[in-house]
Amino acid sequence: MKHIHYIIYIAILLVAIACNNYPIPEPKEPQFELQEGDELISIEELKMRHTVGNPPTFIADNVYIKGIVTGDDESGNIYKSIYIQDETGGLNLSIDQVNLYNIMPRGQEVYIRLQGMFIGDYRNMYQLGDTVTDNYYGLEMSRYNWNKEYMTDSLGNSLKHFYCNGWPDLSKLPAPIVITSSDEITSDMYGMLVTLKDITFKNAFTGVLTWSTAEQNTNREATFLKDESTIMVRTSGYCNFYADYIPIGVGEITGILSLFNTSQQFYLRDRNDIGTFIEK
C-alpha cells in the first residue's frame, strides 16, 4: 500500500514540475478588421430592413454591424441572449447558447457578419437570429445556432458570424438614457441601456418583497415619482439575485429596456444595477 502511495506522490510531483516547465501561454487579444467588399451598416439601418409583425427578413448581402455589449447573461436574468448598442440604437442578439458572457461580456466590441442571418421580431421586439417554420404560423423568429460558429459549408467556407475586436472595456459602455416617466420612452430606446430614475416599488413597503420567485419569471411594477406612470421590471427566477429583497423608498435602477407586445419591460443585468433607494 505504501508503494502505491509513493507512486501516486511521484506522479503528482512530475505533473507539478511539468506545469512549471510549460507555462500557460498568454491569451491573444482578438482583432478584427473589415475586408474589401465588406459594408458596415448601423443597427438603425439593419432594423429598417424589417417590418415588425412580418415574417423574419433574410439578409443576403455582405453587410456587418458592430456594437458594444451592454447586457450579457452572467447573472442569469438575460437568457440565451446578449444586447449590443451603437450610436443609433440597441439590439437583442438571440443565440441558442448559455454562458455567452465568457465569449462576449459587457464592454466587448463585436462585429457581426449578417449575411445568412435573419432580422425579425419577437412580440414586437427586434431580434437578430435565425428562423424556424411553424406548421400554423409559418416562418418564425428563432435563436441562432451557436454551433455554426465552428462549422463550414460544403465548399469549406466558414459559417462564423460573430467577431470580437479588442479586450472587453467597461469604459466603452454607452451612458444610460435617463428616464423619469414611462411617457418619455420612445420606440428607438428598446434594446438600449437606460436608467429608471426616481422610481419606487409601492408593494415593497414591507421590506420582504423579492425580485422574483424560484424558477418563475416575475413582473414587479415600478412607479415613477414624477407622474405616477409605471413600468414592469421583469426578473427570472433562475438569476442569482431573484431572492434579494426589493429596496424600500425612492431610487434608481439601470438595465435594458425591452418590449413585449405593447408592454414596456425592463431587465436588470445584475444586482449592481440597483442604485441607492432613500425612504421618504
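This briefing describes the strands, aromatic rings and pockets of one protein model.

The model is predicted, so local features need pLDDT of at least 70 and side-chain atom pairs count only at pLDDT 80 or more, while totals for chains, interfaces and linings use all residues. Residues are numbered from 1 along each chain as its sequence is written, and side-chain values use heavy atoms, with hydrogens and water left out. The protein has two helices and 17 strands; helices (H or I, at least four residues) and strands (E, at least two) are DSSP runs, numbered from the N terminus. Its C-alpha atoms fill a box of roughly 75 × 55 × 40 Å along the principal axes. Of the 280 residues, 45% are buried; buried means under 20% relative accessible area, exposed over 50%, and partly exposed in between, with a 1.4 Å probe and protein chains only.

**Strand 8 and its partners**

- Two strands pair if DSSP finds at least two bridges between them.
- Strand 7 and strand 8 are antiparallel and share five bridges, with isoleucine 119 opposite leucine 128 in strand 8.
- The hairpin of strand 7 and strand 8 has two residues between the strands, and arginine 123 there takes a positive phi near 55°.
- Strand 8 also pairs with strand 9 in the antiparallel sense, over five bridges, and threonine 131 has methionine 141 in strand 9 as its bridge partner.
- Three residues lie between strand 8 and strand 9, which form a hairpin.
- Strand 5 runs parallel to strand 8 and is joined to it by two bridges; asparagine 92 has glutamine 127 in strand 8 as its bridge partner.
- Methionine 125 lies in strand 8 and counts as buried, because its relative accessibility is 7%.
- Methionine 125 and asparagine 145 are 20 residues apart along the chain, and their C-alpha atoms are separated by 20 Å.

- Strand 14 (residues 217–224) and strand 15 (residues 230–236) run antiparallel and are joined by seven bridges.
- Asparagine 219 has arginine 234 in strand 15 as its bridge partner.
- Strand 14 and strand 15 form a hairpin with five residues between them, and glutamate 228 in the turn has a positive phi of about 70°.
- Strand 15 is also joined to strand 17 (residues 263–268), by two bridges in the parallel sense, with valine 233 opposite phenylalanine 266 in strand 17.

**Aromatic rings**

- The structure holds 11 aromatic pairs; rings of Phe, Tyr and Trp (its six-membered ring) pair if their centres lie within 6.5 Å, and planes under 30 degrees apart count as stacked, over 60 as edge-to-face and the rest as tilted.
- The rings of tyrosine 144 and phenylalanine 162 have centres 5.4 Å apart and planes at 50°, so this pair is tilted.
- That pair links distant parts of the chain, with tyrosine 144 in strand 10 (residues 144–145) and phenylalanine 162 in strand 11 (residues 162–165), 18 residues apart.
- Tyrosine 144 and phenylalanine 162 are both buried.
- Tryptophan 146 and phenylalanine 162 form a tilted pair too, because their ring centres are 5.4 Å apart and their planes are at 45°.
- Tryptophan 146 is in the loop between strand 10 and strand 11, 16 residues from phenylalanine 162.
- Tryptophan 146 is buried, with a relative accessible area of 5%, and phenylalanine 162 has a relative accessibility of 4%.
- Phe32, Tyr64, Tyr111 and Tyr163 form one aromatic cluster.
- The charged end of lysine 160 sits over the ring of tyrosine 163, 5.2 Å from its centre; a charge sits over a ring if NZ of Lys or CZ of Arg is within 6 Å of the ring centre and within 35 degrees of the ring normal.

**Pockets**

- On a 1 Å grid over the protein atoms alone, a pocket is an open set of points where a 1.4 Å probe fits, with protein on both sides within 12 Å along at least five of seven lines; lining residues have an atom within 4 Å of a point.
- The largest pocket holds about 830 Å³ of space, and of its 30 lining residues Tyr79, Ser81, Arg143, Asn217 and Tyr267 lie nearest its centre.
- The elements giving two or more residues to that lining include strand 8 (125–134), strand 9 (138–142), strand 15 and strand 17.
- The second largest pocket has a volume of about 390 Å³, and of its 14 lining residues Asp121, Tyr122, Arg123, Glu140 and Met141 lie nearest its centre.
- Strand 7 (118–122) and strand 9 each give two or more residues to the lining of the second largest pocket.
- A volume is the space filled by probe spheres set on the grid points, which are joined across faces, edges and corners.
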